[in-house]
Amino acid sequence: MPEIWLEKYRPIKFEDVVGNSGAVTILRSHAAAGTFPHLLLTGPPGCGKTTVVHCLAREHLGEHYEQGCIELNASDDRGIDVVREKIKGFAQQKVSLPEGKLKVIILDEADSMTQAAQQAMRRTMEIFSESTRFALACNISSKIIEPIQSRCAILRFSRISDEDMLQRLRLVLDKEGAPYDQSGLEALAFSAEGDMRNALNGAQSTFNAFGEINRVTVFRMNDQPQPEKVKSCLEASLKKDAQGTFGPMHEIWNQGYSTTDIISTFSRVAKQMEAPEHIKLEWLKEIGLAHARVTAGAQNLLQLDAMVSKIILASERG
């Protein structure tokens, strides 16, 4: 069975990590000093939070990494019993480590834990602070109770930039011998929205399905509206060409894409368009209002036509 690229190319050293250089530099300084504070890493999915903690644990524990580090996914086991059994059990466990080295408990998606479980874990963090360190990874830090936040060094992660993502994708695809072109890489980066996990899974799925990675195969695999058509729609609005603005949008609609997917693609393309800033702000406002109406239950072509009409008016006023 072919290996999953995501796991095969997961960084195990800080040198291999892409993006979020500020947070990575702080963790590397802890590794160099031999220190390991309680950590709270917060940011969007697929930006490397859990990966860099494993890199720090490897640096800290060396050959004892396997026995001195445990990872749990809090979204699978959210309740207080997990804290009492798995987490407390590992914290109590006697592990022969060199002097100055600490056991590491990595909790992924910690914001999924119940309030009671977090309160119990706070107490465990206090009792076993001399032998164990906790590293919590979450998407929304406000869902972590204040007593835990105050005990942790908080590192905020952001989405991976397109430049870093393209560099990593080239490395993986070259090693795998997968045929690709620049348009395919850019399509993967566009679809992933800064999520490296999404990009690598998308690349492998596209290669397995079509044998090559280009713009057409990527969007067929992801089943997303093609951003070129949305871009041509926005460009036509800048030229005050109403027919050229409505045409591509109707073409996308007739392909069977959902209203939400079309609006989402409009938003992402509008942010990246080369256009006057005040016009882009008006576009995004109208796109956001259309999304709000669709979310409220208005799922039809009329909402898209109204959005495009507003986009044309915004371009004309500009």
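β1 (39-42) and β4 pair in the parallel sense over four bridges. Two strands count as paired if DSSP finds at least two bridges between them. This is a predicted model, where local features need pLDDT of at least 70, side-chain atom pairs count only at pLDDT 80 or more, and totals for chains, interfaces and linings use all residues. Residues are numbered from 1 along each chain as its sequence is written, and side-chain values use heavy atoms, with hydrogens and water left out.

**Overall build**

The protein chain has 16 helices and five strands. Helices (H or I, at least four residues) and strands (E, at least two) are DSSP runs, numbered from the N terminus. Along the principal axes, the C-alpha atoms fill a box of roughly 75 × 45 × 35 Å. Of the 318 residues in the protein chain, 47% are buried. Buried means under 20% relative accessible area, exposed over 50%, and partly exposed in between, with a 1.4 Å probe and protein chains only. Take the contacts between residues at least 6 apart in sequence: 74% of them join residues at least 24 apart. Contact means heavy atoms within 4.5 Å.

**The sheet**

The five strands form an open sheet. Its order is β2-β3-β4-β1-β5, with parallel pairing. The edges are β2 (69-73) and β5 (153-156). Each has a single partner strand, so one side of each is left without a neighbour in the sheet. From one strand to the next, the twist averages 15 degrees. Axes, here and below, are lines fitted to C-alpha atoms, for helices over the stretch in contact, and angles run from 0 to 180 degrees between N-to-C directions.

Strands of a sheet pair through backbone hydrogen bonds, either parallel or antiparallel. Here, β3 and β4 (residues 132-138) pair in the parallel sense over five bridges. β1 and β5 pair in the parallel sense over four bridges. Some residue pairings follow.

| Residue | Stands opposite |
|---|---|
| Val 104 | Arg 133 in β4 |
| Ile 106 | Ala 135 in β4 |
| Leu 39 | Ala 153 in β5 |

β4 is mostly covered, with seven of its seven residues buried. Thr 132, Phe 134, Leu 136 and Cys 138 point one way from β4. Arg 133, Ala 135 and Ala 137 point the other way, and all are buried. In a regular strand the side chains alternate between the two faces of the sheet. β1 is covered on both faces. Leu 39 and Leu 41 lie on one side, Leu 40 and Thr 42 on the other, and all are buried.

Helix α3 (residues 49-61) lies across β1, β2, β3 and β4. The helix runs at about 175 degrees to β3.

**Two loop residues with positive phi**

Glu 109 has a phi near 55 degrees, a positive value in a residue other than glycine. Glu 109 sits in the loop between β3 (103-108) and α6 (115-127). Its relative accessible area is 30%, which means partly exposed.

Glu 193 also belongs here, with phi near 55 degrees, a positive value in a residue other than glycine. The loop that holds Glu 193 runs between α9 (182-192) and α10 (196-210). Glu 193 is partly exposed, with a relative accessible area of 39%.

**The α15–α16 pair**

The axes of helix α15 (residues 277-295) and helix α16 (residues 301-317) come within 9 Å and cross at roughly 165 degrees. That makes α15 roughly antiparallel to α16. Angles under 35 degrees count as roughly parallel, over 145 as roughly antiparallel, 65 to 115 as roughly perpendicular and the rest as oblique. The crossing is right-handed: the near helix is turned clockwise from the far one by less than a right angle.

From α15, the contact includes Ile 279, Trp 283, Ile 287 and Val 294. Among the α16 residues they meet are Met 307, Ile 311 and Ala 314. The residues of this contact divide into eight nonpolar, two polar and five charged. Ala, Val, Leu, Ile, Met, Phe, Trp, Tyr, Cys and Pro count as nonpolar, Asp, Glu, Lys and Arg as charged, and the others, Gly among them, as polar.
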